[in-house]
Each structure stands twice: as C-alpha cells, then as structure tokens.
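Q: I'm new to this structure and would like a close look at just one part of it. Could you pick a helix and walk me through how it sits among its neighbours?

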Amino acid sequence: MSDQTAISSMPLYTHLDRVARALAALGIGPGESIRPEQLFAIDQWHYHGTDAIRAAAEALGLGPASRVLDVGSGIGGPARYLAHTTGCHVTALELQPELHRIGVDLTLRSGLEGRVTHLCGDALICPLPLAEFDAVVSWLAILHIADRPRLFARLARALRPGGKCYVEDLSERTPFAPRDLADLRDIVHGITVTPAADYAADLRAAGFVEIATTDLTGDWAPYAAERLRIWRQNRAAYSGVHGEGAYLAHEKFYAVIAQLYDSGSLGGIRLVAHMPKARP
Ligand SMILES: C[S@@+](CC[C@H](N)C(=O)[O-])C[C@H]1O[C@@H](n2cnc3c(N)ncnc32)[C@H](O)[C@@H]1O
C-alpha cells in the first residue's frame with residue numbers, strides 16, 4: 001500500500017461525503033454559497049475547533065498583511081478561519097487530492113478565494129517559495145509525516161527572517177505498548193509521534209530559536225474521552241444523516257485515540273518557535 005493509499009484509508013479520512021451531507025442538513029445544497037461561520041462545526045479537524053485557531057492568530061499577531069502557510073490543511077477549516085477573522089492570506093497545503101478538492105470548493109463557496117490559496121502536494125517535496133511567509137502553522141498533521149527534520153528545514157527556508165512557527169500535534173509520553181503502537185500506526189496513521197524534547201530538537205536543528213513547548217495532554221486526554229462519549233450518545237442522529245458506516249469509522253478512530261491517552265503513552269503538545277531575525 002502506498003503512503004497516500006494508507007493515509008486515505010484512515011477512518012478520519014473516509015466517508016468524505018459527510019461534508020456535503022452536513023451542509024445538506026443545514027439546507028445548503030451542492031454549489032450553493034456558504035457563510036464561513038456555517039462551516040466551523042464541520043471543517044476543523046483538531047482539538048477545540050476554532051478556539052484553537054483563534055489562540056494561534058493572537059499568539060502570532062496575524063493581520064491583513066500576514067502571509068501564512070498551513071501544513072496539512074485538511075479541508076481548509078483553519079486556513080479559512082484565519083483568513084476570515086484576521087484578513088491574512090493563507091496558503092493551505094494538503095496531501096490528499098480529495099480533501100484538497102473539497103477545500104477548494106468550500107473556500108470558493110464561502111467567498112474566501114482571494115485570501116486562501118489551496119495547494120495540493122506533499123510538504124516533504126512540493127515546491128515552496130523561499131522566505132515568503134510570516135508564519136507557518138500546523139494542526140495535527142506532522143504526526144503523519146515521515147521525515148520531520150527535512151520538513152522543518154523546508155519550513156525554515158519558506159519563512160522570512162523572524163518568521164514564526166506554531167504547531168499542535170501528538171507526542172509520546174512513554175513508549176507505546178506493542179498493541180497500542182499498532183493502533184497508532186494503522187488507525188491513526190501516526191508515523192512520527194515522539195517525545196516533545198525530540199520534536200523541539202528537530203526545530204532547533206532546522207534553525208528555529210526560542211522554542212516554547214506546552215504540554216496539552218491534561219487538556220486533550222479528557223477532551224478525547226468526552227468526544228467519544230458524546231459520539232456514542234449521538235449514534236442514532238449521526239447515522240441517520242451520514243449512515244452507519246460513517247458513524248463506525250469515526251467511532252473506531254475516537255475510541256483508539258481515547259485508549260492511547262488512557263494508556264499514558266499518548267500526549268498532546270504545542271510548539272511555538274521563530275527564525276532568527278535578519279542582521280541589521
Ligand atoms: C488531522 S488532519 C488536520 C487537518 C487540519 N490541519 C485541521 O486541523 O482541520 C491532518 C492532515 O494532514 C495532511 N497531511 C498528511 N501528510 C501530509 C504531507 N506530507 N503534506 C501535506 N499534508 C499532509 C492529511 O492528509 C490531513 O488532511
């Protein structure tokens with residue numbers, strides 16, 4: 001199985017018609033225009049939805065002049081939120097063509113195509129402009145990417161001097177038991193899930209400085225447990241709109257994530273760092 005095939009069969013990335021079905025449930029048909037706010041419950045595939053993205057925008061001081069690269073942008077939720085709320089320009093880079101296509105469609109329909117540019121490609125090899133961006137952001141994507149040192153070296157080159165990096169991702173707190181490791185690989189497609197210190201070391205090796213690491217496990221573990229509980233509670237309603245297969249795919253993913261936190265091995269982290277400023 002190629003890497004691309006493996007990732008697209010991960011439960012989170014199957015049943016993609018759920019986006020169109022969720023919009024239909026709001027009375028929005030194919031091709032019809034959408035207010036960005038109507039997407040927020042649908043297009044944020046990380047912890048704490050738009051609250052997490054708002055916190056990043058504030059920490060990075062984003063405004064209309066800012067140019068941002070979003071690595072592993074999914075269907076474009078964080079990119080659209082940043083563009084819509086701060087006026088910044090976001091390049092949304094996504095590996096999977098089908099997610100990219102949905103992202104392009106949603107961006108057009110919500111009138112944000114002037115501020116969000118979608119790019120389909122692998123962050124490890126696709127051409128990236130040099131010293132172009134004020135900030136690189138990424139939510140729950142780098143865990144999927146095999147060569148983190150290479151990725152960070154590329155992102156460092158894409159940032160202007162003084163540019164910032166803001167990442168939220170999974171981490172390893174203690175070594176995973178063999179069965180948990182299999183679930184992490186097969187169900188979560190967690191290829192690069194390491195201790196926070198290794199993550200920070202990769203940023204440092206790429207030239208980033210003033211690296212601040214925040215352990216989010218105490219917040220994300222109960223969030224994941226509650227997400228699973230609510231998911232199961234709402235089974236009938238969700239299956240009614242999206243079908244039982246779509247319900248079960250997400251249930252599997254949410255249950256594995258909750259178990260991995262429960263085991264004490266999985267953690268969550270935020271890393272904020274920047275490139276040195278140019279010499280005067
Ligand atoms: C959990 S999703 C999060 C999406 C988005 N960041 C969000 O928070 O809504 C992670 C995304 O990273 C993408 N991804 C994985 N490997 C990638 C790569 N090498 N280059 C670009 N995107 C990648 C996946 O296809 C997936 O859409």
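A: Let's start with a term: a residue counts as exposed when its relative accessible area is over 50%, and as buried when that value is under 20%. Keep in mind, too, that this is a predicted model.

Now to helix α11, which covers residues 235–242 and has Tyr238, Ser239 and His242 as buried residues. Looking down the axis of α11, you'd find its buried residues within an arc of 95°, so they line one face of the helix. On the face of α11 turned away from the buried side sit the exposed residues Ala236, Ala237 and Gly240.

What lies over the buried residues? The cover includes α2 (18–25), α10 (217–233) and α12 (244–262).

Let's stay with α12 for a moment. Between the axes of α11 and α12, the approach comes within 7 Å, and they cross at roughly 125°. On the α11 side, the contact is made by Arg235, Tyr238, Ser239 and His242, while α12 brings in Glu244, Ala246, Tyr247 and Leu248. Sorted by class, this contact of α11 with α12 has four nonpolar, two polar and two charged residues.

One last stop is the end of the helix: after α11 comes Gly243, with a positive phi near 95°.

How values were computed. Residues numbered from 1 in each chain as written. Predicted model: local features only at pLDDT ≥ 70, side-chain atom pairs only at ≥ 80, totals over all residues. Heavy atoms only, no water. Buried < 20%, exposed > 50% of the residue type's maximum accessible area, 1.4 Å probe, protein only. Helix = DSSP H or I, 4+ residues; strand = E, 2+ residues; numbered from the N terminus. Arc of directions from axis to C-beta. Contact = heavy atoms within 4.5 Å. Axes fitted to C-alpha atoms, helices over the stretch in contact; angles between N-to-C directions. Nonpolar A, V, L, I, M, F, W, Y, C, P; charged D, E, K, R; others polar.
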